[in-house]
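Let's take a walk through this structure together, one contact at a time. Have your viewer ready.

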Amino acid sequence: MCWVCEAYGDPEVENGRWYLNPKNHSRNMYKIKKPDQKAAAYGSDPEAQSGRNIGEIMQFRFTDPDKFNQLIKEANAMKGSGPFQIGQVIPIQEAYKVVEMSYPVASMSCICRIHNRAQEERNEHEYSCTGLGVGMLKWERWPERYKGGVNFMAPDEAKEWLVKWNKKGMVHIIMTFGGSYVGGVCNCDYPDCGMIRNRVDYGIETGCLKSHWVAKIDYDLCTGCGVCVQRCQFGAIKFEVTLDKTNIDQLKCFGCGLCETGCPTNAIELIDRESLPGLREVW
Amino acid sequence: MKEIYEAKNYSYELNPDMLKLLREEFDVDKVTSKFAEAIKGKSAGEIEAEGKAIFEEYGRNWIRQSLKLGEEYPDRTYEVLLEAIDKTGGYLRFALAPQRFLEIAYLSTQEISILPIIENNVNRLVYRMVDCDTYKNLKEKCGEEVANLLPCRHACLTACETLHRDLEIDALVQMEAQIPKDGYCQFAARRA
Amino acid sequence: MTAPCTVPFDCKKCLQACPQAVFLVTAVKVERGKETDPKEPGAYRLFAPHRDKCTGCNDCIELCPEDAITINFPPLEA
Ligand code: SF4
Ligand code: SF4
Ligand code: SF4
């Protein structure tokens, strides 16, 4: 079973999916400070910190591989309590459910792309990330993290927005900010998304867990057009020349569903990861 | 491309003056003393009736004043919430608009630093009181037996109902847990 | 790599050109209520956390106006 669901899911709510459990979307708006307690003048920037941490861990990759592996292991064992947040890939169908339930939903600039490509997205036509919950009401506390501000969206608008990024080929990742508190649905790709990169290149799994789904291809329907090969951010699909069709390696598949939404003949279906004995412990 | 964000120093927390005004007017010590006085020598049935009368009235006034002062003392969190609601449609006022006034009401009268919000989504608003001062006061002044009847629940329930009615939101209010049995009280407003 | 590179977020040439996306830029301080000015020297810092991915293509070195980047590969073993 997915360890995040085990810790934060409710078996009676949405099949136990932690990110569809309303409790993980809920937070108070206000806090009474102690009389002598002042608002901190400087904040931390979790995404930047995790990028710097990767740099520190990485330096051992070639000089001291044992230490490197040990540090990666430790980071994963922290299960989100350390410098790496919890994130899980979700297909767009589940992202719809999230934006229907959570409030407010706002588009904002992607923090990873700011850090990794110095790419500024300064208005709602450029924003590529989705923030969720009461934290969005207080974005002006940390304008450095919300360059350009936030753009509140009604659920239908938010779905159209997800479709826009899905069409372009972005993977949706549900992200937490502090424990199991869901703070966003990111639209991610390799290499500018820190979470995908940390997982694919360094094995930090916490921030980019595989989804509860996995893609399955119907060879009778596949015409071998290759659209899905282009859309997969995880290199799970290859063109199998002898069959003149494509082939999905389900062990590599993250279950993002991009191939499914792109396939012109509906040859791809997402099936429950846990229905396959060989995959039910692969997260 | 927009300019760099001009530095601003907003307050996102509740106005302390407002909290003080509410605390003075709706002191749990006072209302529990009033109740303790009123039930002296009364039978069980009468105690329930007294509790209902006293706490319902208290709850109604408490939340109405929280609503009134909450509007008079806005903060940046509320201003941005109103912007968001304006942009996304009034239907989505629930749950955050009522949540704000509940937080004002409880944070002003109880010794808590946050009001635990269990759910706040477009369908349900659920919150919890763990270490309730009203209950503690009742226990001290009227004994555990009377306190465990939770006459004070009338205040919380009435407050939550009145709040949604005054905000013109159709919601069903329920009590989902009670301190004597569950260790905390939990109230839920579900969109009707 | 840091000394002569003072305004990486404003310059961003290496960040956007690197085919291997080796670089990372972060604000030195995240200040309440204020956005960091990319033109302020020293306000942002450039890192190369993914330098294990560098192929030595030299694109960044050619683009860097400050000659701030050096790359070191171990010499081929004889
Ligand atoms: S095979 Fe399809 S579902 Fe799996 S990771 Fe690739 S695009 Fe996503
Ligand atoms: S997109 Fe669909 S039809 Fe095209 S190759 Fe992939 S599975 Fe086959
Ligand atoms: S030399 Fe290395 S760091 Fe520089 S652009 Fe090429 S791959 Fe990137």
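We begin where two helices of chain B touch: B:Glu48, B:Gly51, B:Lys52, B:Phe55, B:Glu56, B:Tyr58, B:Gly59, B:Arg60, B:Trp62, B:Ile63, B:Arg64 and B:Leu67 in α3(B) meet B:Arg153, B:His154, B:Ala155, B:Thr158, B:Ala159, B:Thr162, B:Leu163 and B:Asp166 in α7(B). Contact here means heavy atoms within 4.5 Å, and helices are DSSP runs (H or I, at least four residues), numbered from the N terminus. By class, this contact has eight nonpolar, five polar and seven charged residues. Ala, Val, Leu, Ile, Met, Phe, Trp, Tyr, Cys and Pro count as nonpolar, Asp, Glu, Lys and Arg as charged, and the others, Gly among them, as polar.

This is a predicted model: local features need pLDDT of at least 70, side-chain atom pairs count only at pLDDT 80 or more, and totals for chains, interfaces and linings use all residues. Residues are numbered from 1 along each chain as its sequence is written, chains are lettered from A and ligands numbered from 1 in the order written, and side-chain values use heavy atoms, without hydrogens and water.

Next, B:Ala105 sits in helix α5 (residues 96-109) of chain B. B:Ala105 counts as buried because its relative accessibility is 0%, the cut-off being under 20% relative accessible area (1.4 Å probe, protein chains only). Beyond its neighbours within four places in sequence, B:Ala105 contacts B:Trp62, B:Ile63 and B:Ser66. B:Arg23 is 82 residues from B:Ala105 in sequence, yet their C-alpha atoms are 8.9 Å apart.

Finally, turn to ligand 1, whose shell has ten nonpolar, two polar and no charged residues.

Note on methods: Buried < 20%, exposed > 50% of the residue type's maximum accessible area, 1.4 Å probe, protein only.
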